[in-house]
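Welcome! Take a look at the structure below, and then we will walk through its strands and its inner space together.

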Amino acid sequence: MKILALYASPHKPQSNSNYLLDVILDEINNVGGHQVLKYDLTDMTIGTCINCGVCRRPDSKGCFQKDDMPTIATAIGEADYIFMASPLYWWNISATLKGCIDRFYGIPFSFFHGKTIHLVMAGQSETSNEGYRLVKNTMQCVCDYIGAHLRTYFASASTLTIPAWDNETLIAQAKTIGRKF
Ligand SMILES: Cc1cc2nc3c(=O)[nH]c(=O)nc-3n(C[C@H](O)[C@H](O)[C@H](O)COP(=O)(O)O)c2cc1C
């Protein structure tokens, strides 16, 4: 199976959400038989959707913007599973991931049909915080709209004193998710 992983945290060199996604992907790789392609969205040029409607015209060849979105679109079209990782920012996904999802508007939705989407969120608050629930609901609506299935939603809480890489419970949860593939 082909797996596409989209990272969307500017927290470098170590990001909680990216770390947990890597734990999941390492576990999937251990099982074998999968091909993983990773893109760090914070390193890519993704222009802001300006709602011009060009991508929606009947004769459209897609978005007019010359950036990295066609690379991501091709990878989405070829992937079987689409993973995303984002920090929780202001009860939402990061602006980087949101900007990329806005640009899904210019991709044929057939690229997503029947595919599964897997989202890893890292916040500072406990996972009972409203933000994780809002993100899950939003992603569920996005998936319904584009014809994909939200299969994994992993909400995680990390603090500066206990980051994800020092949190055995979160690491165990991530490994359990990875072993399901
Ligand atoms: C601009 C900004 C907004 C944030 N908003 C929230 C929030 O609404 N809820 C929360 O729990 N944490 C919030 N945080 C904390 C981050 O989600 C937290 O540090 C997270 O672990 C970062 O994940 P990362 O290391 O993958 O970037 C915010 C941090 C920043 C910089």
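A crossover counts as right-handed if, with the strands pointing away from the viewer, the path from the first strand over the helix to the second runs clockwise. Keep that in mind as you explore this model, which is predicted. In it, strand β1, helix α1 and strand β2 form a right-handed β-α-β unit.

**The β-α-β unit**
- Helix α1 of this unit covers residues 16-31.
- Strand β1 (residues 2-7) and strand β2 (residues 35-40) run parallel and are joined by 6 bridges.

**Strand β1 and its other partner**
- Strand β1 also pairs with strand β3 (residues 81-87), in the parallel sense, over 5 bridges.
- Here you can look for Tyr-7, which stands opposite Ala-85 in β3.
- Why is strand β1 largely enclosed by the rest of the structure? Buried means under 20% relative accessible area, and 5 of the 6 residues of β1 are buried, so the strand is largely enclosed.

**The inner space**
- Rolling a probe the size of a water molecule over the atoms shows where empty space is left.
- How many cavities of 30 Å³ or more does the count give? The count comes to 1 cavity.
- The largest cavity holds about 130 Å³ of space.
- Its lining is made of 15 residues, and those nearest the centre of the largest cavity are Cys-49, Asn-51, Cys-52, Cys-55 and Cys-63.
- Sorted by class, this lining has 8 nonpolar, 4 polar and 3 charged residues.

Key. Residues are numbered from 1 along each chain as its sequence is written. This is a predicted model: local features need pLDDT of at least 70, side-chain atom pairs count only at pLDDT 80 or more; totals for chains, interfaces and linings use all residues. Side-chain values use heavy atoms; hydrogens and water are left out. On a 1 Å grid over the protein atoms alone, a cavity is a set of points where a 1.4 Å probe fits but cannot get out, and a pocket is an open set with protein on both sides within 12 Å along at least five of seven lines; lining residues have an atom within 4 Å of a point. Grid points are joined across faces, edges and corners, and a volume is the space filled by probe spheres set on the points. Ala, Val, Leu, Ile, Met, Phe, Trp, Tyr, Cys and Pro count as nonpolar, Asp, Glu, Lys and Arg as charged, and the others, Gly among them, as polar. Buried means under 20% relative accessible area, exposed over 50%, partly exposed in between (1.4 Å probe, protein chains only). Helices (H or I, at least four residues) and strands (E, at least two) are DSSP runs, numbered from the N terminus. Two strands pair if DSSP finds at least two bridges between them.
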